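Subject: Structure for you to look over

Hello,

Here is the structure we talked about handing over.

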Amino acid sequence: MKKILLVFTFLLPFSAIAQLQHIHRNTKIETMVQEISPVKLEEYIQGLVSFGTRHSLSAEEEGRGIEAARQYVLSTFKSFEAASAGRLSSKIDYFTVEADGRRIPEDVRMGNVMATLKGTDPNDDRVFIVSGHLDSRVSNVMNAESDAPGANDDGSGVAALMEMARIMSKRKFSATIVFVAVSGEEQGLKGATHLAKQAKEENWNLTAMINNDMIGNSASSGTKLRDNTRVRVFSEGVPLYETDEMAKLRQYTNAENDSKSRQLARYIKEVGERYVDQLEVKLVYRNDRFLRGGDHTPFSREGFTAVRICEYNENYTQQHQDLRTEEGVEYGDLPEHIDYEYLRKNTGVNLAVLANLALAPSVPQEVGIDVSQLTNNTTIRWEAPENGKAKGYYVLMRETSSPVWEKKFFTDSTSMTLPYSKDNYFFAVQAVGEGMVESRAVFPKPVR
């Protein structure tokens, strides 16, 4: 088989990286990213804030509370269905959360607003979920009456979902994408837990879950720093769901930095920076912020590949605060604090990643690294992906101390021998489809 060798390195000046990445931009994805509108994003956030509070326990009133907000998001999703040629369908998935003696004082009905963009390949059952949480809160997590605008936490994440659904529903993707505004995050990740368990019980082929929670604020409280050029991606190293067999393999191959979620985070960095200018995706090696959690965590606990995207700077005068002014400082999560250009860029990262994944083949199968003999070369072998057609593959390589893949070697074969020692480098393999869209990377297992 003919082989083509392509070396792709991140160890370049930023300008050189931008030029190199631009060469590989898929025009369909680039066009979608360019269609993201800050005006639309602001319209969605103003709509969400208009309901006063979106507390999960708020009373059902006309024009106020979380149920009214659910209906608004649902109607917005449904307004996109006509342009989707039947591929987009929207609903509210209601469920009951039982009293827990903590943040749920009595049984309560909750609902996740879901828009499903059905994949066009009947043989491709992959599902990608992108989420934000609809509910909001003030200082007292049990206060369901006071105004809780929740413009950034997490109106920004929900607005990103709505804008992505508007744009992506007009296009065809091989795999299925689910845009979901979950409820009950502030009361203990209730909506995400419900959906993660449903996906596990119904055996969804859920390939990746991306949680967006607070992606619209660029100002830091305390330091007064404003920066809309960086965004964080949190990913687990040692999986929250890990069997004894998985733990042994991880320890044997030193793969504590190569979980599926960590591979997804690297993918988000590479693809996101490829399509969104003036934005650096920062990899944070934690499941979430220090001692905190988010809606991706229930999916991680069920064994799914899940990460969190979050703004780089948090403003604690605007997060979980009663609306008030003290000593000249305005407290509260109000829409005027949103940086809509920053939100546009972060929405672009999400869209580019989801489109790239859903257009690409699934991951290569049975990826293995040959350990049958001692040698300073490294041989990687794999099988074709289960879904989609691969026009070729990337073998990825990085030094053991590097956070990102440093070189990519392209081949149209299903094996490759590289003149680099597996003692000194880590490797992985991606499937590549038409338009040079690539799957998530797969870390190899030892084979003989």
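Helices here are DSSP runs of H or I with at least four residues, strands are E runs of at least two, and both are numbered from the N terminus. Please keep in mind that this is a predicted model.

Helix H7

H7 covers residues 244-253, and its residues Ala-247, Arg-250 and Thr-253 are buried. Viewed down the helix axis, the buried residues of H7 fall within an arc of 145°, so they line one face of the helix. In general, an α-helix has 3.6 residues a turn, so residues three or four places apart point the same way.

What do the buried residues of H7 pack against? Their partners are strand S16 (425-432) and strand S17 (445-447). On the face of H7 turned away from the buried side are the exposed residues Asp-244, Glu-245, Lys-248, Gln-251 and Tyr-252. After H7 comes Asn-254, which has a positive phi, near 55°.

The sheet with S17

Strand S17 is also part of an open sheet of 4 strands, ordered S15-S12-S11-S17, with mixed pairing. S15 (415-418) and S17 are the edge strands; each has a single partner strand, so one side of each is left without a neighbour in the sheet. On average, neighbouring strands of this sheet are turned by 30° against each other, direction ignored.

Within the sheet, S11 (residues 365-370) and S12 (residues 378-383) run antiparallel and are joined by 3 bridges. Gln-365 stands opposite Glu-383 in S12.

Regards

Terms used
Residues are numbered from 1 along each chain as its sequence is written. This is a predicted model: local features need pLDDT of at least 70, side-chain atom pairs count only at pLDDT 80 or more; totals for chains, interfaces and linings use all residues. Side-chain values use heavy atoms; hydrogens and water are left out. Buried means under 20% relative accessible area, exposed over 50%, partly exposed in between (1.4 Å probe, protein chains only). The arc is that of the directions from the helix axis to the C-beta atoms. Contact means heavy atoms within 4.5 Å. Two strands pair if DSSP finds at least two bridges between them. Axes are lines fitted to C-alpha atoms, for helices over the stretch in contact, and angles run from 0 to 180 degrees between N-to-C directions.
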